[in-house]
Amino acid sequence: MVCQGEAYTGDQKGLGQDTAHGALTHIGFKPTNGNTLIGNTANTLSLKIKLTGSPTNPVIGAQIYDDSNVLQQTSTNTIDDLDGTFTFKDFNFASTFTVTEDYSYVIYQVSGSTFNDANGAYINMKNTAVDNNVDTYKTASGWYSHNLSVTVCFTVAAAAKSAAPGSWITNPVPFRIGQG
C-alpha cells in the first residue's frame with residue numbers, strides 16, 4: 001500500500017455539500033505533476049471518509065475519471081458502513097490501473113437519502129496544498145479542483161511472478177510422487 005497524507009488535518013469536503021458551483025456529486029483526489037504516487041499500479045483506492053448528520057441508508061462507490069473527465073472504471077464494491085469518524089474505506093476495481101497525473105479518483109453516492117450540507121459523506125483533507133495533491137469534485141455544472149490535499153492510499157497490485165527460462169534445471173524443486 002502506498003499512501004499520502006495520513007496525518008493531514010484541518011479540512012473536509014463532502015458529497016452533497018453546497019458550493020458556489022452547486023452540490024457535490026463526486027469528491028476525491030487528483031495527483032498533479034510531481035506527485036510521488038503517479039506511476040504506481042493498483043487495484044484498490046482507499047480514502048478516509050466519515051458520515052455527517054443522519055442520512056438514511058447511504059451507499060458510496062468510487063470511480064476513476066481520466067484527464068478529459070471520461071469515466072474509466074467504477075469500483076466493484078460499495079461502502080454502507082460509514083460512521084462519524086474518519087476511517088479508511090477501500091474501493092476495489094476489476095482491472096488494475098496506473099495512478100496517472102490529472103486523473104480523478106473520487107467517491108459518489110450510489111443510493112440512500114439525498115446528501116446535503118447537513119447529511120453527507122465527507123473525505124479528510126489538509127487545509128493547504130502539499131505533495132502535488134489536490135482535491136477534485138464534480139457538481140451538476142462540471143468538474144473543479146482546489147488547493148486542498150486529500151488523504152489517500154492505493155493498494156499496489158502484486159506483480160506477476162514467473163521463473164526465468166531454464167531455472168527449473170539449475171534450481172530444482174523437490175517433488176515426491178505417491179503417498180508419504
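1. Ser-46 is buried, with a relative accessible area of 1%. Buried means under 20% relative accessible area, exposed over 50%, and partly exposed in between (1.4 Å probe, protein chains only). This is a predicted model: local features need pLDDT of at least 70, side-chain atom pairs count only at pLDDT 80 or more, and totals for chains, interfaces and linings use all residues. Residues are numbered from 1 along each chain as its sequence is written, and side-chain values use heavy atoms, leaving out hydrogens and water.

2. Ser-46 sits in strand β6 (residues 41-52). Strands are DSSP runs of E, at least two residues, numbered from the N terminus. Leaving aside neighbours within four places in sequence, Ser-46 is in contact (heavy atoms within 4.5 Å) with residues including Met-1, Phe-88 and Asp-90.

3. Ser-95 belongs to strand β9 (residues 87-98). Ser-95 is partly exposed, at 41% relative accessible area. Beyond its neighbours within four places in sequence, Ser-95 contacts Ala-42 and Gln-73.

4. The largest nonpolar core has 30 residues. Such a core is a set of buried Ala, Val, Leu, Ile, Met, Phe, Trp, Tyr and Cys residues joined through side-chain atoms within 4.5 Å. β6 gives the most to this core, with five residues. Ile-107 and Phe-154 have the most contacts inside the core.

5. Which residues does Ile-107 touch, not counting those up to four places away in sequence? Among them are Leu-15, Leu-47, Phe-91 and Ile-123.

Terms used:
Helix = DSSP H or I, 4+ residues; strand = E, 2+ residues; numbered from the N terminus.
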